[in-house]
Amino acid sequence: MINRPSRRALFAGTLAGLALPAATSAGAEATARRGTLPARPNILLILADDLGWGEIGSNGQRSISTPNLDRLAAEGVQFKAAYSGAPLCAPSRCSLLTGLHAGHGTVRENPEGGQQHALTDADLTFAEVLRLSGYRTACIGKWGFGPEEPDQDSHPNVRGFDEFYGYIEHVHAHQYFPAYLWHNGEKVHLGGKSYAPHLFRERAVEFIRQDGDQPFLLYFASNLPHAPSVIPGDAGRYENRPWSAANRRHAAQVARLDNDVAALVRALRDAGVAERTLVLFTSDNGPHSEKGVTPELFNSNGPFRGDKRDVYEGGIRVPMIAWSPGLRPRVERQPVAFWDVLPTLADLARVPPPAHVDGLSFTGLLTGAGAPRHRHLVWNRPRKAQAMRRGRWKVVRFNPHIAGAGPRGRVELYDLDADPGERRDLSARKPELTRELLAELDRSIGGDPRTPYGLRTELTAGRLVVTLYNGSAVPWRNVRLGLDRPRRARAHTVARVNPGTALSVGFPLPSSGRITARAAFDAGGRSHVFRHVHRHVHRDVLRDVLRDEG
């Protein structure tokens, strides 16, 4: 049950200090610091909304205090060259969830005068991958893909999350005191009296504290500090600063986000699971300049050029921190991107990662063991701008009449090692390199390259057809496909399912209860079990099917 906070609790949650303890609370955490991670850790993925690279203290922020994030950075791994999936919300979140950059992903742009693009049944999210292997999963906060309807392919519950609480559609997430939020497939009516970030924090803490033997994935997608700059009460320690009201409240939003991070880490410790959890903090794109906020006042993009909506570094370079008591503090400068998160989480969960995604696992960067490097990184805003980084070189291309470009558009080339602020365009001095990079960029944009992956079910001719798709890069051996517990459904066994192929088996329908398909197999030197609860079938439907069969 989700309850509204009291007025006193609401204001206390905004203003009270929730600083992380200076020392670890248990000897297990102190002795665990060996540069290692637990097997199949809990995952707490915290995504800020429009928080710039330079808006946290560990990246040089001086006007806004972020002591809790700074402590996580000091105790964990700081990624100095982390990139979002796009310079704005929807395509960036699609990239994070699916492991595809915006030249391949389903969602490549925010809506412009039309219906919000949505995820489809062909999309595979990191939540689906981890839930298949036994993780309990939750998405709390801003989802960002419509439509606002239950039981449709773009809904979080359908895309791998056991529990969802928050905004489905991203424009709705601009309302900090919303009339309603969604809890799974139902609207929770709030009457515009509750501060949504407070409700998200309460629900996330409750999820962390739930008992269970399963590891968990919690995707905490805050809408802070997106415009408008709304907080309950005044701006706290920033109320008397000589700034505009929007800037004072923006600073208070960032401070509130910092306190939310502290509350979640405290909940991990209180639940006794901190040492078995990886916390990953990042932001969906660069800082915004909306509703009166002035990113220049806070140096929100650090040394980088541009902000939200720009394919310059300031629009796509984002803060990223990984923290777990078993990690050694370090700074990592190897570039990583949002599309690396899905293969990384699959790697941490010891699940065969999907093939043909754009991402590479950066698990080795968490421990200092090293990880594969990308040949290139790609950003794509259809009909507007594109960019690609290859090593030290970055090419930027604007469509005609975009960002001051003329009727033929504009191309720029930068050496990020020598010029991270992208001030000196070298395209005229290096025309051959520029053409080479543009050709590689063009080859990197196209259709979805993935193959189906996972376990699916379909009701056909009174039987439940279970299909296992090997969308990984390795064969799955000793495959045993069946249903959990029904007496009439014996497991079907095959020796091997090769990459890019599938195995389908029909089973008699059980007479009652939840239908769960099960696939057991060996891959990569490990044994795996996938489970999938059949969707769309109610017990009464099963009864009717069985009656029709006589």
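This is a predicted model: local features need pLDDT of at least 70, side-chain atom pairs count only at pLDDT 80 or more; totals for chains, interfaces and linings use all residues.
- β1 and β8 sit in an open sheet of 10 strands with mixed pairing.
- Reading across, the strand order is β7-β6-β5-β4-β8-β1-β9-β10-β2-β11.
- At the edges you'll find β7 (186-189) and β11 (330-332), each of which pairs on one side only.
- From one strand to the next, the twist averages 15 degrees.

**Helices against the strands**
- Helix α3 (residues 67-75) lies across β2 (77-79), β9 (277-283) and β10 (320-323), and it runs at about 65 degrees to β10.
- Helix α6 (residues 196-209) packs on the sheet too, where it touches β4 (136-142), β5 (163-167), β6 (180-183) and β8.
- The direction of α6 makes about 175 degrees with that of β8.

**Nonpolar cores**
- The largest nonpolar core has 70 residues, and the members touching the most others are Phe79, Phe126, Tyr219 and Phe530.
- Take Phe126: leaving aside neighbours within four places in sequence, its contacts are Leu45, Leu96, Leu97, Phe161, Leu217, Tyr219, Val341, Leu342 and Leu345.
- Apart from that core lies another one, of 50 residues, including Leu69, Leu224, Ala267 and Phe281.

Terms used: Residues are numbered from 1 along each chain as its sequence is written. Side-chain values use heavy atoms; hydrogens and water are left out. Two strands pair if DSSP finds at least two bridges between them. Helices (H or I, at least four residues) and strands (E, at least two) are DSSP runs, numbered from the N terminus. Axes are lines fitted to C-alpha atoms, for helices over the stretch in contact, and angles run from 0 to 180 degrees between N-to-C directions. Contact means heavy atoms within 4.5 Å. A nonpolar core is a set of buried Ala, Val, Leu, Ile, Met, Phe, Trp, Tyr and Cys residues joined through side-chain atoms within 4.5 Å. Buried means under 20% relative accessible area, exposed over 50%, partly exposed in between (1.4 Å probe, protein chains only).
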